[in-house]
Amino acid sequence: MINTIFDFIGDDSGEWKVTSITTIKGNPITAVSHLTKASSNLVQSDEGIWTLKGIVSNLRYTEKEEKEKLVAVQEDLGRPNATLAAFIPIRKSEAWWNLAQDERRKIMENKSQHTQTGMKYLPAIARKLFHSRDIGEPFDFLTWFEYSPTDADAFEELLVALRKTEEWTYVDREIDIRLMKKSF
Ligand code: HEM
């Protein structure tokens, strides 16, 4: 059975209002005013102005102890007070993908302390990682974060810390899309 495919649909209307789109690195993306996150199961569907697709995959680098810590503290998406979100599609360079698994883990965790740094921002920031590389998408990863306005500064601080790491020298495309939950 194929994993559920999630569609992130950028359009003129939708679930989340886009508050900003910033090209951090590489080619920009067409501007849209709204974003909807939906599960589709369809590899071919293309809706809205653009659709980016990702699947929830197995963990690649997380070790048992880290996994247990994450599971114990992380919160689910969809908290009513988490009215802000960030959708950050990321692509890593060929140099990254040419490394062996253990070399990548070393860069992410030993040198860049990705999980250790990120853990400091849990449970305030709820997160979900989608993989896109293996389904022929323009980005390798689609990352999604939800938080309340009181944790917005903390989220910025986390981004500054991660973007300074050795891991991020392998990022060759990154678009930072900020969102606000629409109130009806
Ligand atoms: C909120 C705190 C965060 C925590 C606790 C966290 C934790 C993790 C963990 C444990 C993994 C490894 C998953 C695996 O084993 O395959 C991971 C992967 C990843 N994270 Fe984070 N993260 C956080 C924030 C962020 C942010 C803010 C970004 C982007 C701006 C980000 C981007 C990524 C990407 C792209 C990957 C996949 C890397 C790869 O497989 O090469 N993370 N994260």
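Reader: In what order do the elements of the protein run from the N terminus on?

Author: This is a predicted model, in which local features need pLDDT of at least 70 and side-chain atom pairs count only at pLDDT 80 or more, while totals for chains, interfaces and linings use all residues. Residues are numbered from 1 along each chain as its sequence is written. The protein has five helices and eight strands, where helices (H or I, at least four residues) and strands (E, at least two) are DSSP runs numbered from the N terminus. From that end, the elements of the protein follow the order β-β-β-β-α-β-α-α-α-β-β-α-β.

Reader: What is the radius of gyration of the protein?

Author: The radius is taken over C-alpha atoms, and the globule rule is 2.2 Å times the number of residues to the power 0.38. For 184 residues that rule gives 16 Å, and the protein comes close to it, so it is as compact as a globular protein of that length, with a radius of gyration of 16 Å.

Reader: How many of the seven residues of E7 are buried?

Author: A residue is buried if 20 or more other C-beta atoms, placed from the backbone, lie within 10 Å of its own, exposed if 12 or fewer, and partly exposed in between. Strand E7 is joined to E5 by seven antiparallel bridges and to E6 by six antiparallel bridges, where two strands pair if DSSP finds at least two bridges between them. E7 is largely enclosed by the rest of the structure, because the number of its seven residues that are buried is five.

Reader: Which residue of E7 is the bridge partner of leucine 84, and which stands opposite histidine 131?

Author: Leucine 84 has tyrosine 147 as its partner in E7. Histidine 131, in turn, stands opposite another residue of E7, phenylalanine 141.

Reader: Is tryptophan 16 buried or exposed?

Author: Tryptophan 16 lies in strand E2, residues 16-25, and its contacts (C-beta atoms placed from the backbone, within 7 Å) include Ala85 and Leu179, not counting residues up to four places away in sequence. Because it has 21 C-beta neighbours inside 10 Å, tryptophan 16 counts as buried.

Reader: Which element gives the most residues to the shell around the ligand?

Author: Among the 21 residues around the ligand, Leu59, Arg60, Tyr61, Thr62 and Gly118 come nearest. E5, H4, E6, E7 and H5 each supply at least two residues of that shell. With four residues, the element that gives the most is H4.

Technical notes: A residue is near a molecule or strand if its C-beta atom, placed from the backbone, lies within 6 Å of it. Two residues are in contact if their C-beta atoms, placed from the backbone, lie within 7 Å.
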